[in-house]
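Hello,

Here is the structure we talked about handing over. Please look through it first, then read my notes below.

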Amino acid sequence: MPQEQYTHHRSTMPGSVGPQVYKVGIYGWRKRCLYFFVLLLMILILVNLAMTIWILKVMNFTISIHLLLRFNWLFRCCGMS
(Lines give C-alpha, C1' and ligand atoms only; values in the text may rest on other atoms or scores of the structure.)
Protein backbone atom coordinates (compact mmCIF):
# COMPACT_ATOMS: atom_id res chain seq x y z
CA MET A 1 0.00 0.00 0.00
CA PRO A 2 1.60 3.28 -1.03
CA GLN A 3 2.11 5.85 1.67
CA GLU A 4 1.94 9.58 1.09
CA GLN A 5 5.09 11.32 2.14
CA TYR A 6 6.21 14.91 2.35
CA THR A 7 9.91 15.69 2.15
CA HIS A 8 11.32 18.75 3.84
CA HIS A 9 14.82 19.94 3.09
CA ARG A 10 16.62 21.88 5.79
CA SER A 11 19.28 23.88 4.03
CA THR A 12 19.98 26.16 7.01
CA MET A 13 21.30 23.34 9.19
CA PRO A 14 24.95 22.60 8.53
CA GLY A 15 25.64 18.91 8.85
CA SER A 16 22.17 17.82 7.91
CA VAL A 17 22.46 14.32 6.52
CA GLY A 18 19.48 14.24 4.16
CA PRO A 19 15.88 15.23 3.69
CA GLN A 20 13.50 14.50 6.52
CA VAL A 21 10.40 12.55 5.59
CA TYR A 22 7.10 13.41 7.26
CA LYS A 23 4.24 10.96 6.85
CA VAL A 24 0.94 12.58 5.86
CA GLY A 25 -2.27 10.65 6.43
CA ILE A 26 -4.14 8.47 8.89
CA TYR A 27 -2.25 5.52 10.36
CA GLY A 28 -2.75 2.79 12.92
CA TRP A 29 -5.87 2.42 15.01
CA ARG A 30 -7.42 5.61 13.57
CA LYS A 31 -7.40 4.12 10.08
CA ARG A 32 -8.89 0.85 11.35
CA CYS A 33 -11.66 2.74 13.18
CA LEU A 34 -12.38 4.81 10.08
CA TYR A 35 -12.65 1.66 7.93
CA PHE A 36 -14.85 0.04 10.59
CA PHE A 37 -17.25 2.99 10.66
CA VAL A 38 -17.43 3.14 6.85
CA LEU A 39 -18.16 -0.60 6.73
CA LEU A 40 -20.78 -0.25 9.48
CA LEU A 41 -22.43 2.61 7.61
CA MET A 42 -22.55 0.58 4.39
CA ILE A 43 -24.10 -2.38 6.23
CA LEU A 44 -26.72 -0.11 7.84
CA ILE A 45 -27.61 1.38 4.45
CA LEU A 46 -28.05 -2.07 2.92
CA VAL A 47 -30.19 -3.29 5.85
CA ASN A 48 -32.31 -0.14 5.64
CA LEU A 49 -32.92 -0.59 1.91
CA ALA A 50 -33.67 -4.31 2.35
CA MET A 51 -36.18 -3.63 5.13
CA THR A 52 -37.83 -0.85 3.13
CA ILE A 53 -38.28 -3.13 0.12
CA TRP A 54 -39.53 -5.93 2.38
CA ILE A 55 -42.11 -3.67 4.04
CA LEU A 56 -43.30 -2.42 0.66
CA LYS A 57 -43.75 -6.01 -0.55
CA VAL A 58 -45.45 -7.22 2.63
CA MET A 59 -47.88 -4.29 2.69
CA ASN A 60 -48.57 -4.78 -1.06
CA PHE A 61 -47.82 -1.18 -1.88
CA THR A 62 -47.93 -0.15 -5.51
CA ILE A 63 -47.58 3.24 -7.12
CA SER A 64 -51.34 3.54 -7.65
CA ILE A 65 -52.12 2.76 -3.99
CA HIS A 66 -49.48 5.23 -2.84
CA LEU A 67 -50.90 8.01 -5.04
CA LEU A 68 -54.45 7.17 -3.95
CA LEU A 69 -53.46 7.43 -0.27
CA ARG A 70 -51.69 10.73 -0.91
CA PHE A 71 -54.69 12.24 -2.71
CA ASN A 72 -57.11 10.99 -0.03
CA TRP A 73 -54.98 12.67 2.63
CA LEU A 74 -54.90 15.87 0.59
CA PHE A 75 -58.68 15.91 0.21
CA ARG A 76 -59.30 15.27 3.93
CA CYS A 77 -56.65 17.78 5.02
CA CYS A 78 -57.80 20.67 2.83
CA GLY A 79 -61.53 20.05 3.12
CA MET A 80 -62.01 19.13 -0.52
CA SER A 81 -64.81 16.63 -1.04
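How much accessible surface does the protein have, and what share of it belongs to carbon and sulfur atoms? The surface comes to about 8,000 Å². Carbon and sulfur atoms hold 71% of that. Of the 81 residues, 0% count as buried.

Keep in mind that this is a predicted model. The average pLDDT is 77, and 57% of the residues score at least 70.

Now the layout. The protein has 2 helices and 2 strands. From the N terminus on, the order is β-β-α-α.

Helix 1 takes up residues 29-58, which is 30 residues. At 1.5 Å a residue, helix 1 should span 44 Å. The C-alpha atoms at its ends are 43 Å apart, so the two values agree.

The unreviewed entry lists residues 33-56 as "transmembrane region". In the model, residues 33-56 are 100% helix and 0% strand. The end C-alpha atoms of that segment are 34 Å apart.

Next, what follows helix 1. Asn60 comes after the helix and has a positive phi, near 55 degrees. Phe61 sits in the loop between helix 1 and helix 2 (63-78).

Is Phe61 buried, partly exposed or exposed? Phe61 is partly exposed, because its relative accessible area is 35%. Phe61 also belongs to a nonpolar surface patch of about 590 Å².

Best wishes

Notes: Residues numbered from 1 in each chain as written. Predicted model: local features only at pLDDT ≥ 70, side-chain atom pairs only at ≥ 80, totals over all residues. Heavy atoms only, no water. Helix = DSSP H or I, 4+ residues; strand = E, 2+ residues; numbered from the N terminus. Expected span 1.5 Å × (residues − 1). Patch = residues over 30% accessible without salt bridge, like charges linked within 9 Å, V, L, I, M, F, W, Y side chains within 5 Å. Areas by Shrake-Rupley, 256 points an atom, 1.4 Å probe, with all protein chains shown as cover. Salt bridge = Lys/Arg side-chain N within 4 Å of Asp/Glu carboxyl O. Buried < 20%, exposed > 50% of the residue type's maximum accessible area, 1.4 Å probe, protein only. UniProt positions renumbered as here; feature names shortened; annotations may be inferred. pLDDT = per-residue confidence, 0-100.
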